[in-house]
Amino acid sequence: MIVVDETVNGVYGEELCSKVKADKAIANIPVILLIKSADNESYLSHVGSKADRLELRSANIWKFRTDITMLIDNNLVRQERMRRFIADTVAPTLPEKIRKDDACLKFINKVRQLLEQNLAEESYTVDALSEDMGMSRTAFYNKMKKMTGQSPADYMLTFKMERAKRLLASQDYSIGEIATMLGFCDSRYFAKRFKEACGICPSKYIETIIG
């Protein structure tokens, strides 16, 4: 928890709050901005501070402690929800007999490595992937279908959607930036494919995680 006064060593509290929230290393820490007045105009004047809560400097200490405890607890709950969402976004589970086969695992790991290396390339197709794997398109299709239960094209989309969920949950990038990072022509097309694959649009997915 960070508690910021309206002025700190000559720096306006709002400016300090904004700096905290702009720093990815500490942006997840809840921030309370202490203010002098509780009238509507004063509250509205701090709307751009990016603080998690406004609190009167003259607040009752017990109420203040309770507010701090609740804010920290709620923040920890949100972080845990995000951790679970991200942890659940894993590669499609392979059959046990495949997982125990070192050659098959090596094959899938190579596929994922190639997809990772070419994540932002819109032109990276199944043909390009099968060529990089040193296989014909037909042979690659049959092996992927047998191992994963998905066609290469479906597996490539699943891989990108896994990464999309992680990037959306991080809140470090805009939907447009994520679309570019994943090799989609624009954010609208990315949102369409994401909803088709996940049953929910990107913005709603973020709301679901954050609460």
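User: Hi! Where is the place of I2 in this structure?
Analyst: Hello! This is a predicted model, and in it I2 sits in strand β1, which covers residues 2-4.

User: Is I2 buried or partly exposed?
Analyst: I2 counts as partly exposed, because its relative accessibility is 23% and buried means under 20%.

User: And what is I2 in contact with?
Analyst: Setting aside neighbours within four places in sequence, I2 is in contact with V20, I29, P30, V31 and I32. Take I29 from that list: I2 and I29 are 27 residues apart along the chain, and their C-alpha atoms are separated by 7.1 Å.

User: Why does N75 count as buried?
Analyst: N75 counts as buried because its relative accessibility is 10%, and the cut-off for buried is under 20%.

User: Let's switch to loops. Where does R57 lie?
Analyst: R57 lies in the loop between β5 and α3. Its relative accessible area is 44%, so R57 is partly exposed.

User: What does R57 touch?
Analyst: Leaving out residues up to four places away in sequence, R57 touches D5, L34, I35 and K36.

User: Is K50 buried or exposed?
Analyst: K50 counts as exposed, because its relative accessibility is 52% and exposed means over 50%.

User: And where is the place of G48?
Analyst: G48 is also in the loop between α2 and β5. With 47% relative accessibility, G48 counts as partly exposed.

User: How many Å separate the C-alpha atoms of G48 and D132?
Analyst: They are separated by 50 Å, and G48 and D132 are 84 residues apart along the chain.

User: OK, helices now. How many residues does α8 have?
Analyst: Helix α8 has 19 residues, 152-170. From its first C-alpha to its last α8 reaches 27 Å, close to the 27 Å expected at 1.5 Å a residue.

User: Which residues in α8 are buried?
Analyst: Here is the list for α8: P152, Y155, M156, L157, F159, K160, M161, E162, A164, L167, L168 and A169. A handy thing to know when you look at such lists is that an α-helix has 3.6 residues a turn, so residues three or four places apart point the same way.

User: What is α8 followed by?
Analyst: α8 is followed by Q171, and the phi of Q171 is positive, near 60°.

User: How do α5 and α8 cross?
Analyst: First, a bit of background: two packed helices are described by the angle between their axes and the distance between the axes. The axes of α5 (residues 102-117) and α8 come within 11 Å and cross at roughly 65°. This crossing of α5 and α8 is right-handed.

User: Which residues meet there?
Analyst: From α5 you have I108, V111, R112, L115 and E116, and they meet Y155, M156, F159, E162 and R163 in α8. By class, the contact of α5 with α8 has 6 nonpolar residues, 4 charged ones and no polar ones.

User: Last topic: how many disulfides does the structure hold?
Analyst: The structure holds 0 disulfides. C201 is in no disulfide, and the nearest cysteine sulfur, that of C198, is 11 Å away.

User: Are C201 and C17 buried or partly exposed?
Analyst: C201 counts as partly exposed, because its relative accessibility is 24%. C17 counts as buried, because its relative accessibility is 0%.

How values were computed:
Residues are numbered from 1 along each chain as its sequence is written. This is a predicted model: local features need pLDDT of at least 70, side-chain atom pairs count only at pLDDT 80 or more; totals for chains, interfaces and linings use all residues. Side-chain values use heavy atoms; hydrogens and water are left out. Helices (H or I, at least four residues) and strands (E, at least two) are DSSP runs, numbered from the N terminus. The expected span of a helix is 1.5 Å times one less than its number of residues. Buried means under 20% relative accessible area, exposed over 50%, partly exposed in between (1.4 Å probe, protein chains only). A disulfide is a pair of cysteine sulfur atoms within 2.5 Å. Axes are lines fitted to C-alpha atoms, for helices over the stretch in contact, and angles run from 0 to 180 degrees between N-to-C directions. A crossing is left-handed if the near helix is turned anticlockwise from the far one by less than a right angle, and right-handed if clockwise. Contact means heavy atoms within 4.5 Å. Ala, Val, Leu, Ile, Met, Phe, Trp, Tyr, Cys and Pro count as nonpolar, Asp, Glu, Lys and Arg as charged, and the others, Gly among them, as polar.
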